[in-house]
Amino acid sequence: MSLLLVIVLLVLIALGTPIAVAIGAASCLAFFLPGGVSPMVAVQRMYGGADSFPLMAVPLFLLAGSLMEAGGLSRRIVDLADALVGWLPGGLAAVSIVSAMFFAGISGSAAADTAAVGAILIPAMSSRGYPAPFSGAVQAAGGSIGVIIPPSIPMIIFGVLTGASIGKLFAAGLLPGLLMGASLIAVAAIVTGRSLHISRSPFSLARLVRVIGPSLWALGAPVLILGGILGGVFTATESAAVAVAYALFVGVVVYRELRLPEIWRRALESAVMSGVIMFIIAQATVFSWLLALDQAPTAVAGALLSVTDNPVLLLVLLNAVLLVAGTILETTAALLLFVPVVMPLLPTLGIDVVQLGAIVVVNLAIGMLTPPLGICLVVSSGLSGASIVRVSRAVLPFLAALLIDLALISFWPPLTTWLPGFF
């Protein structure tokens, strides 16, 4: 049964069927196969997959990030990043990446990160003479960090699927996120230095002092979110609710840029995005349950182990599979389909479940940079006006740097296990 379901799913995806519909349609085959399941049981599984307190953090973080963007927080983050690193080789490219890293500590979503920062910086880069494909590539690469630096919606979903501590998963993403950001800044500096030769503003301490004050409220958001979770003050879901309240307070009372019509519009947009994600989760829960019922995860794990039981080679093979999955599948669907397959391999891999979470999410984040379904690539291409093909070519140096980072994250455990050890 499992093989048939997977074949149907892949065919539907190849035909351009929306991922949630493709998963649901493939699952429906199980109703008609000999020894299949009752539709009522499938409905109960769908409801159970979405009925989770930790998953409530997903719509709340999406709303918080959207409100902070509309309330002026993202613009002030960009101003601060410009004052901090705008003088470095790479200029606005470095600003774009650092801004994305700051905003990653607010939104938990790579698409939101790319759109919020890209809407400001891609036009600014174009006005300074940066080619549109390069501008789009920089923003796509920086935006992918949005699911690594906590809070992270994929980390929340991984924690729900495996029972791992979401707080520890968040902590595990911090150092890899900083490493990836530094690597991208280095690549941007090399590319601009060799081929673009674009002038940059000198460092100004007076300007830095001038922008720090207005940006403190914006910087308070990630401090509040991460400090509360890692300090044990509140759960990830509670922190998301606090983030929404904080965004409303700062946008309405402090910066006074957030108006009721905009709040309503952002709430509707976040509700639609949340509905899409939760629909995918509900459908993928049924699909994953059907595969587990057919013992497919155990069979796949056994097949991988039959190729090699060497932990190093197995981890390389696992990374390759996850990179391909991230390229062709939406992140939430990839998590729900592949995590049950990966978990039986943990004893052989000899790594902690928290490190595995970081490895899985970093792989899928890199998938957001690759065609045909790389969401960061699609968003930044639309903002820059360059075709996805041209942006894809420009993103290759950044992609190479992230693959090196992935190797370090996979084979040097302290990168992902040192910080979680404190919580």
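Me: Hi! How many residues does helix 4 have, and how far does helix 4 reach from its first C-alpha to its last?
Reply: Hi there! This is a predicted model, and in it helix 4 (residues 57–70) has 14 residues. The helix reaches 20 Å from end to end, close to the 20 Å expected at 1.5 Å a residue.

Me: Nice. Is helix 4 mostly covered or mostly exposed?
Reply: Mostly covered, with eleven of its 14 residues buried. Among them are F61, L62, L63, L67 and M68, along with G65 and S66.

Me: And what follows helix 4?
Reply: That would be G72, which has a positive phi, near 95 degrees.

Me: Switching topic: at what angle do helix 9 and helix 18 pack?
Reply: Helix 9 (residues 153–162) and helix 18 (residues 353–367) pack at about 135 degrees, and their axes are 10 Å apart. The two helices are therefore oblique to each other.

Me: Is that crossing left-handed or right-handed?
Reply: Helix 9 and helix 18 cross in a right-handed way.

Me: Which residues meet there?
Reply: From helix 9 you have P154, M155, F158 and T162. On the helix 18 side they meet V353, L356, G357, A358, V360 and V361. By type, the contact has eight nonpolar residues, two polar and no charged.

Me: Last one, helix 21. How far apart are its end C-alpha atoms?
Reply: They are 23 Å apart, which agrees with the 22 Å that its 16 residues (396–411) should span at 1.5 Å a residue.

Me: Which residues of helix 21 are buried?
Reply: F398, L399, A401, L402, D405, L406, I409 and S410 are the buried ones.

Note on methods
Residues are numbered from 1 along each chain as its sequence is written. This is a predicted model: local features need pLDDT of at least 70, side-chain atom pairs count only at pLDDT 80 or more; totals for chains, interfaces and linings use all residues. Side-chain values use heavy atoms; hydrogens and water are left out. Axes are lines fitted to C-alpha atoms, for helices over the stretch in contact, and angles run from 0 to 180 degrees between N-to-C directions. Helices (H or I, at least four residues) and strands (E, at least two) are DSSP runs, numbered from the N terminus. Angles under 35 degrees count as roughly parallel, over 145 as roughly antiparallel, 65 to 115 as roughly perpendicular and the rest as oblique. A crossing is left-handed if the near helix is turned anticlockwise from the far one by less than a right angle, and right-handed if clockwise. Contact means heavy atoms within 4.5 Å. Ala, Val, Leu, Ile, Met, Phe, Trp, Tyr, Cys and Pro count as nonpolar, Asp, Glu, Lys and Arg as charged, and the others, Gly among them, as polar. The expected span of a helix is 1.5 Å times one less than its number of residues. Buried means under 20% relative accessible area, exposed over 50%, partly exposed in between (1.4 Å probe, protein chains only).
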